[in-house]
Amino acid sequence: MKFAFIEQHAFTWLVNVMCRMLGVSRSGYYDWRGRSPSARTTANLALLDDVRRLQTRHQGR
């Protein structure tokens, strides 16, 4: 969550400042950026797509 926040706000604040304020290392952040999504994240995104498709099919119910 902290790394995602840093990524979303990298154009607003300096990465090193955000890392220091959030108590994470810059190297950890850059390592996180370079990783591919985990199997859990991939499965969650697929499930979310299914839920949205079903919700649309059933008119938001």
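What follows is a short chat about the core, aromatic pairs and salt bridges of this predicted model.

Me: Which residues make up the largest nonpolar core here?
Reply: There are six of them: F3, I6, V15, M18, C19 and Y29. Keep in mind that this is a predicted model.

Me: Which helices each supply at least two residues of that core?
Reply: Those are α1, residues 2–8, and α2, residues 15–22. The largest share comes from α2, with three residues.

Me: And M18, what is it in contact with, leaving aside neighbours within four places in sequence?
Reply: M18 touches F5, I6, H9, A10 and W13. One of those, I6, is also listed with M18 in the core.

Me: Switching to rings. How many aromatic pairs are there?
Reply: The count is four. One of them joins F3 and Y29, with 6.1 Å centre to centre and 55° between the planes, so that pair goes down as tilted.

Me: Why does the F3 and Y29 pair tie together parts that are apart in sequence?
Reply: Because F3 sits in helix α1 while Y29 belongs to helix α3 (residues 26–34), the pair bridges parts 26 residues apart in sequence.

Me: Are F3 and Y29 buried or exposed?
Reply: Buried, both F3 and Y29.

Me: What about F3 and W32, how do their rings sit?
Reply: F3 and W32 make a tilted pair too, at 5.8 Å between centres and 40° between planes. This pair also links distant parts of the chain, with F3 in helix α1 and W32 in helix α3, 29 residues apart.

Me: Why does W32 count as partly exposed?
Reply: Its relative accessibility is 27%. Buried would need under 20% and exposed over 50%, so W32 lands in between.

Me: Which residues form the aromatic cluster?
Reply: F3, Y29, Y30 and W32 form one cluster.

Me: OK, charges now. How many salt bridges does a search of the whole structure find?
Reply: Two. In one, the side chains of R35 and D31 meet, 2.9 Å from N to O. The other pairs D50 with R53, where the closest N and O atoms are 3.2 Å apart.

Me: Where do D50 and R53 lie?
Reply: Both are in helix α4, residues 39–57. They are three residues apart, which is about one turn of the helix.

Me: And how accessible are the residues in those bridges?
Reply: D31 is partly exposed at 43% relative accessible area. D50 is partly exposed as well, at 35%, and R53 is partly exposed at 42%.

Terms used. Residues numbered from 1 in each chain as written. Predicted model: local features only at pLDDT ≥ 70, side-chain atom pairs only at ≥ 80, totals over all residues. Heavy atoms only, no water. Core = buried A, V, L, I, M, F, W, Y, C linked by side-chain atoms within 4.5 Å. Buried < 20%, exposed > 50% of the residue type's maximum accessible area, 1.4 Å probe, protein only. Helix = DSSP H or I, 4+ residues; strand = E, 2+ residues; numbered from the N terminus. Contact = heavy atoms within 4.5 Å. Phe/Tyr/Trp six-rings, centres within 6.5 Å; stacked < 30°, edge-to-face > 60°. Salt bridge = Lys/Arg side-chain N within 4 Å of Asp/Glu carboxyl O.
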